[in-house]
Amino acid sequence: MDIKTIYNELAESYDKRYQEPIHIIEENIVLDKFYRLDPVRKVLSVGVGTGQDITALQLDSEGFLGVDISYKMLQIARRNYPNYQFQEINAVDVKEEFDTVVALFGVVNYITLAKFIDVLSAVNASQCCIVTYNVGYKPIYLKKHDIERYTKPEIELAFRENSWLSDVEGLSYPYDTQHFDMEHLMMDQCYSLAHEPISKAKYLLTTAVKTKWIS
Ligand SMILES: C[S@@+](CC[C@H](N)C(=O)[O-])C[C@H]1O[C@@H](n2cnc3c(N)ncnc32)[C@H](O)[C@@H]1O
């Protein structure tokens with residue numbers, strides 16, 4: 001089964017699943033890091049899915065475009081965010097210009113890091129924020145589907161080779177704590193638990209900026 005079919009089948013349950021508090025805390029950490037970038041004017045959300053990137057990063061509808069290959073994911077995004085622009089298209093085919101590109105929770109693993117960096121170049125972006133699956137992790141619903149996963153040094157090198165400067169950190173709860181009793185954990189405890197050391201983290205959270213001076 002290909003990625004498009006997987007997400008078409010998964011769309012409704014995906015949207016519900018990622019509104020749970022455990023995921024909202026992860027998204028708040030992404031937002032903290034995203035805010036350290038320059039203020040955004042035009043944002044491309046690659047693999048926008050059901051649109052949760054919009055809430056997570058508190059994105060404005062003006063200058064926003066969300067693209068995805070899954071018709072069903074976009075159907076929910078359009079229902080949840082009626083004032084925002086979405087397009088059913090492969091990210092590698094986007095031609096419009098954007099200053100900022102975001103790709104949250106695994107999208108870059110599907111597209112591959114090399115092709116994602118090509119997208120940055122094609123749309124003439126100067127900054128990006130991505131969340132990738134760390135080595136050793138992939139969601140249960142992908143089962144035997146083969147995807148690329150990247151270490152922190154691999155991400156840094158890929159960006160550096162293309163004259164981008166990246167900052168990579170670990171994100172998310174340990175694998176075996178999926179059934180956290182959120183009511184009994186203080187918010188700040190949850191927050192620090194979600195800031196995982198790289199070796200244990202499910203995800204790697206990366207921001208990167210285009211630079212003229214890396215050779
Ligand atoms: C794990 S979901 C992430 C959705 C959303 N970013 C979020 O964090 O909730 C991955 C999404 O990437 C989309 N996707 C995968 N490959 C793509 C490609 N080449 N171009 C555009 N979207 C793609 C899938 O259809 C799916 O909706």
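Start by selecting Asn124, which sits in the loop between helix H6 (113–122) and strand S5 (127–133). Helices (H or I, at least four residues) and strands (E, at least two) are DSSP runs, numbered from the N terminus. Residues are numbered from 1 along each chain as its sequence is written. You're looking at a predicted model, where local features need pLDDT of at least 70 and side-chain atom pairs count only at pLDDT 80 or more, while totals for chains, interfaces and linings use all residues.

Is Asn124 buried or exposed? Asn124 counts as exposed because it has 12 C-beta neighbours inside 10 Å. The cut-offs are 20 or more other C-beta atoms within 10 Å for buried, 12 or fewer for exposed, and partly exposed in between, with C-beta atoms placed from the backbone.

Finally, pick Val101 and Ala103, the residues with the most contacts inside the largest nonpolar core, which has 53 residues. Such a core is a set of buried Ala, Val, Leu, Ile, Met, Phe, Trp, Tyr and Cys residues joined through C-beta atoms within 7 Å. S5 gives the most to this core, with five residues.
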